[in-house]
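Subject: Handover of a structure, with notes

Dear colleague,

Please find the structure below, followed by an account of what was found in it. I would be grateful if you read the notes with the model open beside you.

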Amino acid sequence: MMRFLRPRILMALSSLPMVATGLDSQEPLRFELIEGSRLAHEWGETDEFCLGGGFVEVPIRGTFDVNLTQRMDSIECRIDAIDFVSTTGPEYRVSGKGVYSEERSLASPTAEPPNWILVEFAVDVSGMDAILSTEPAVTVSAFPAIEVGVATLLLHRRDCFTLGIKAKPIQEDSLRFFRRGDTTGDGRRNVTDAVSVLLYLFMGAEEPSCLDSTDVDDDGIVGITDAIYLLGHLFLGGPFPPLPATFCGLDLTDDPLGCRGQEGCMPWSAEE
Ligand SMILES: [Ca+2]
Ligand SMILES: [Ca+2]
C-alpha cells in the first residue's frame, strides 16, 4: 500500500493544505431533561425519617451545563447552571452544581468501563433548604444519557428528597468524542481511514465530521503526515496514534481543529 501511495504523496507535497477550522472545545455542553425526570418529596410526622407523613412525586423539566475535562485516565464532568422546575403539582425548583468523574486504567483500555460514577450535587429546593448528595457512589446508565438517582435525608425536617433525572445533550452533534485515526468514524482504524485523509486533502472530498480524528499525529494540523503516520502504524509497526486512540475520548491537546462527534462514540467505547 505504501508503494501505491508514494507517487501521489510526492506529487502533492508542494501544495500541502492546512486545515484550521472547528469548534471551541472549551464550550460547555447544554443538556436538557427528558421525560421521566422527577423529584420526589417524602416527609414524616414522627422522629423517624420520612415515615407517617406524606409523599408527592412531581415531574420536572430543565437544563444544566456540563464542562468536560479529559485527563489521561479519567473524564471529569463539571455540572453547572442546574435549573429544574416542577411541571405539575407543588412548585419545586432545583438549582446548583456538581461534579462527577469516570476513571479508567490505561493498563486495560479495552476493558468494560466502570458502571458507577461518583456524583455530588449541591441542590437547593425552593423553601426547603435541601442538600442532595449521591454519596456514596450511584450507578449511572450509559454516558452521556445521564440517569441519576439522588437521595437525601434532612434530619431536622424529617424530609427526604429523591431526584431522578434523565438527560440528553440539546445538540446531538455537540458531543465531541472520537477515536484518533478512525477518520471515517466507523469504529475501525484501517487503510480506508488513511485513504480518506488523502481524498479530503487532495481530491476535494467532503470535510470529515471530526477533524480531530483526522489529525492522526496530533500536531494540530490535518496534513499528509497524518496519513503517513496511520499507514506506518497499520503496516510498519509504528506507534498507536496519541490518545484517544484505542477508545473514544476527547482531545487532550489544545488546537484549532474541531470535532462534531462520531456516531456511537461514547467515552471509553473500545474499538470494534
Ligand atoms: Ca475507520
Ligand atoms: Ca496532523
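At what angle do helix H2 and helix H4 pack, and how far apart are their axes? Before the answer, two remarks on the source are in order. This is a predicted model, in which local features need pLDDT of at least 70 and side-chain atom pairs count only at pLDDT 80 or more, while totals for chains, interfaces and linings use all residues. Residues are numbered from 1 along each chain as its sequence is written, and chains are lettered from A and ligands numbered from 1 in the order in which they are written.

The two helices

Helix H2 covers residues 191-202 and helix H4 covers residues 224-235; they pack at an angle of about 165°, with their axes 9 Å apart. Here helices (H or I, at least four residues) and strands (E, at least two) are DSSP runs, numbered from the N terminus. The axes are lines fitted to C-alpha atoms, for helices over the stretch in contact, and angles run from 0 to 180 degrees between N-to-C directions. H2 and H4 are therefore roughly antiparallel to each other; angles under 35 degrees count as roughly parallel, over 145 as roughly antiparallel, 65 to 115 as roughly perpendicular and the rest as oblique.

On the H2 side, Val191, Asp193, Ala194, Val197, Leu198 and Leu201 meet Ile224, Asp226, Ala227, Leu230, Leu231 and Leu234 of H4. Two residues are in contact if their C-beta atoms, placed from the backbone, lie within 7 Å. The residues of this contact divide into 10 nonpolar, no polar and two charged. In that count, Ala, Val, Leu, Ile, Met, Phe, Trp, Tyr, Cys and Pro are nonpolar, Asp, Glu, Lys and Arg are charged, and the others, Gly among them, are polar.

The chain as a whole

The protein chain has four helices and nine strands. From the N terminus on, its elements run α-β-β-β-β-β-β-β-β-β-α-α-α. Of its 272 residues, 33% are buried. A residue is buried if 20 or more other C-beta atoms lie within 10 Å of its own, exposed if 12 or fewer, and partly exposed in between, with C-beta atoms placed from the backbone. Among contacts between residues at least 6 apart in sequence, 60% join residues at least 24 apart.

The largest nonpolar core

In soluble globular proteins, nonpolar side chains tend to be buried together. A nonpolar core is a set of buried Ala, Val, Leu, Ile, Met, Phe, Trp, Tyr and Cys residues joined through C-beta atoms within 7 Å. The largest one holds 21 residues, of which Leu39, Val66 and Val94 touch the most other members. Two or more residues come from each of strand E1 (29-33), strand E3 (52-70), strand E4 (74-86), strand E5 (93-103) and strand E9 (159-169). E9 gives the largest share, five residues. Leaving aside neighbours within four places in sequence, Leu39 is in contact with Val58, Ile60, Ser86, Tyr92, Val94, Phe161 and Leu163.

Around Phe178 and Cys259

Phe178 is placed in the loop between E9 and H2 and counts as buried, with 27 C-beta neighbours inside 10 Å. Not counting residues up to four places away in sequence, Phe178 touches Cys210, Asp212, Ser213, Pro244, Cys248, Cys259, Gln262 and Cys265. Phe178 and Gln262 are 84 residues apart in sequence, and 5.8 Å apart in space from C-alpha to C-alpha.

Cys259 belongs to the segment after H4 and is buried, with 25 other C-beta atoms within 10 Å. Beyond four places in sequence, its contacts are Arg176, Phe178, Cys210, Leu211, Asp212 and Ser213. Leu211 lies in helix H3 (residues 211-214) and, with 25 C-beta neighbours inside 10 Å, counts as buried.

Backbone details

The peptide bond from Leu243 to Pro244 is cis, with omega near -5°; Pro244 is in the segment after H4. Which residues other than glycine have a positive phi? Among them are Ala81, with phi near 55°, and Asp218, with phi near 60°. Ala81 is found in strand E4 and counts as partly exposed, with 14 C-beta neighbours inside 10 Å. Asp218 is in the loop between H3 and H4 and counts as buried, with 20 such neighbours.

With kind regards
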